[in-house]
Amino acid sequence: MLDREGFRPNVGIILLNAHNEVWWGKRVREHSWQFPQGGIKYGETPEQAMYRELEEEIGLRQEHVKIVGRTRDWLRYEVPDHFIKREIRGHYRGQKQIWFLLRMCARDNDVNLRLTDHPEFDAWRWHDYWVPLDVVIEFKRDVYQRALQELSRFLTWPANGGHTHERRHTARYLRQPHAPRQPAPEQSCVPEPQLILVPSKE
């Protein structure tokens, strides 16, 4: 589904933990990291598409998150020709995205990268809000910068400044056994910090 200018409607997701760190995923079999995103299907609202993509890509449901904010309008990026399938070149130009800022109300081990047969990510970690844009594919960097900048107005910082150095770069990998899903806490969206230990494989 393309608009008149050749842009496909899409949603982007910035997921926060209690320390305002963002969920940062590594694409399957690639060395690039990015936020979850996905297309809006015919008949879907951006919010409905966001919840569907959230579950398909990282295994979280609506009750696991709280919407903090969203971008006011579409943010667009063009895709270089060599990334576009030959049969749609000339019609498809890129993506136009509504970005959502979410607060995670669940535990880290509620994340499930293997919910579908075609996972988008094979590892993830929490990262500082201002992610290193040089690891994002070049044609998406400007949109990432604009989305982070616009949505930063919704942030409130904890008293400790959000510094959690012992957790920040601990990656969780697709190959690790996934713990049974636990129900999301019913209270506030400020879960206690948890550290997931990745079992070593000999």
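**View 1. Helix α1 in the predicted model, end to end.** Helix α1 covers residues 46–58. At 1.5 Å a residue, its 13 residues should span 18 Å; the end C-alpha atoms lie 18 Å apart, so expectation and model agree. Gly59 follows α1, with a positive phi near 80°.

**View 2. The buried residues of α1 and their cover.** Buried positions in α1 are Pro46, Ala49, Met50, Tyr51, Arg52, Glu53, Leu54, Glu57 and Ile58.

**View 3. Tyr77 and Phe139, a tilted ring pair.** A search of the whole structure finds eleven aromatic pairs. In this one, the ring centres are 5.8 Å apart and the planes meet at 40°, so the pair is tilted. Tyr77 belongs to strand β6 (residues 75–78). Phe139 sits in the loop between β8 (121–127) and α2 (141–151). The pair links distant parts of the chain, 62 residues apart. Both Tyr77 and Phe139 are buried.

**View 4. Trp124 and Trp126, an edge-to-face pair.** Their ring centres are 5.5 Å apart and their planes stand at 90°, so the pair is edge-to-face. Trp124 and Trp126 are both buried. Ring pairs join Trp124 and Trp126 with Trp23 and Phe121 in a cluster.

**View 5. Charges over tryptophan rings.** Lys96 lies over the face of Trp74, 4.8 Å from the ring centre. Over the ring of Trp33 sits the charged end of Arg125, 4.5 Å from the centre.

How values were computed: Residues are numbered from 1 along each chain as its sequence is written. This is a predicted model: local features need pLDDT of at least 70, side-chain atom pairs count only at pLDDT 80 or more; totals for chains, interfaces and linings use all residues. Side-chain values use heavy atoms; hydrogens and water are left out. Rings of Phe, Tyr and Trp (its six-membered ring) pair if their centres lie within 6.5 Å; planes under 30 degrees apart count as stacked, over 60 as edge-to-face and the rest as tilted. Helices (H or I, at least four residues) and strands (E, at least two) are DSSP runs, numbered from the N terminus. Buried means under 20% relative accessible area, exposed over 50%, partly exposed in between (1.4 Å probe, protein chains only). A charge sits over a ring if NZ of Lys or CZ of Arg is within 6 Å of the ring centre and within 35 degrees of the ring normal. The expected span of a helix is 1.5 Å times one less than its number of residues. Contact means heavy atoms within 4.5 Å.
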